[in-house]
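I opened this entry to record what I looked up on charge, salt bridges and pockets. The structure comes first, then my notes.

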Amino acid sequence: MPEQQVELGGTMGELGRIYWWRLACRWTAVLALVWLASAMLAELAQGRLGAVLAGSSGTQIASEPAALAAGMAAPALMLAGLGIAAVKQRSRDRLRRDPRRQFSPEQCREGLDRAGGICELETARGRRCTRAATHGLHFYPWSGGGSTTMQNFVAVCARCTRFRKPRFPSPRAQRRLEERRRKYFPPGTAVLAGERNPVSGRTPAWLRE
C-alpha cells in the first residue's frame, strides 16, 4: 500500500499539471477574446473604428489606425501566443499517440474482470455507474497521448460510451476513480488510473517538453 500511494502521487501530479495547464490556456483565450472585443467596442464608441472603416482623410488616416492598433495590440498578441502554444501542444500529442489504438482482447478480459463486470465511470450524481461493462476505453484519451495499457484502461458500459467525450480527466475525477477501485479491485492489483506515452526521441527539439 505505501508503494501504491507514492506511485499514485507521482501519476496524479503529472496528469494534474497537464489538466490545469490546458484549462488555464482555455480560460486565458476566453479572457483575451473578451478583452479584444471590449477594446473594439471602446474604439467604436470613440468613433475611431468607424473612421478607419469609412476611410478618413488627411492626417486622421494615419492617426486613427495607429490608435486603434495600440488599443488592440495586447489581446491580439496574447491570442497569437496561445495559438502557437496550442499548435505546439497538438503536435506533441500526435507524437505521443500509441501505435495501438484498440485494447487487445486479453486486455479487455482482464480489465472487465478486475472491474467485476461493472462500468467504472460515474453517473450524474457522482456515484459509480451500475450498468454492465461491455468493453474498455482510454481513461486518458488516446488522441492526447494516452497509452493503450492496463493502467489507462477503464471498463465502461454501452450507455456511458455514447455520452463520454474523449476529454482530459481532472485530478479530482482521477482520484475518485482510484478511491473506488480500492473497494472492488482484486487484492494486490494496482488502482492507478491514467497513463500517457513519452515524446519520441526523434521529436524535434522545439516540440520536446
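Predicted model: local features only at pLDDT ≥ 70, side-chain atom pairs only at ≥ 80, totals over all residues.

Entry on charge. I looked for a patch of positive charge on the surface and found one where Arg 90, Arg 94, Arg 97 and Arg 101 gather. I then looked up where Arg 101 sits: the loop between helix H3 (60-96) and helix H4 (105-114) holds this residue.

Entry on salt bridges. I searched the whole structure and got four. One pair I wrote down is Glu 106 with Arg 109, whose closest N and O atoms are 3.8 Å apart. This falls inside the cut-off, because a salt bridge needs a side-chain nitrogen within 4 Å of a carboxyl oxygen. The two residues are three apart in helix H4, so about one helical turn separates Glu 106 and Arg 109.

What volume does the largest pocket have? I noted about 1,200 Å³. Its lining counts 40 residues, and those closest to the centre are Lys 165, Arg 167, Phe 168, Pro 169 and Ser 170. Which helix gives the largest share of the lining? That is H3, with nine residues. At least two lining residues each come from helix H1 (2-45), H3, helix H5 (158-163) and helix H6 (171-184).

Methods
Residues numbered from 1 in each chain as written. Heavy atoms only, no water. Patch = residues over 30% accessible without salt bridge, like charges linked within 9 Å, V, L, I, M, F, W, Y side chains within 5 Å. Areas by Shrake-Rupley, 256 points an atom, 1.4 Å probe, with all protein chains shown as cover. Lys, Arg positive; Asp, Glu negative; His and termini not counted. Charge placed at Lys NZ, Arg CZ, Asp CG, Glu CD. Helix = DSSP H or I, 4+ residues; strand = E, 2+ residues; numbered from the N terminus. 1 Å grid on protein atoms, 1.4 Å probe; cavity = no way out; pocket = protein on both sides within 12 Å on 5 of 7 lines; lining within 4 Å. Points joined across faces, edges and corners; volume = space filled by probe spheres on them.
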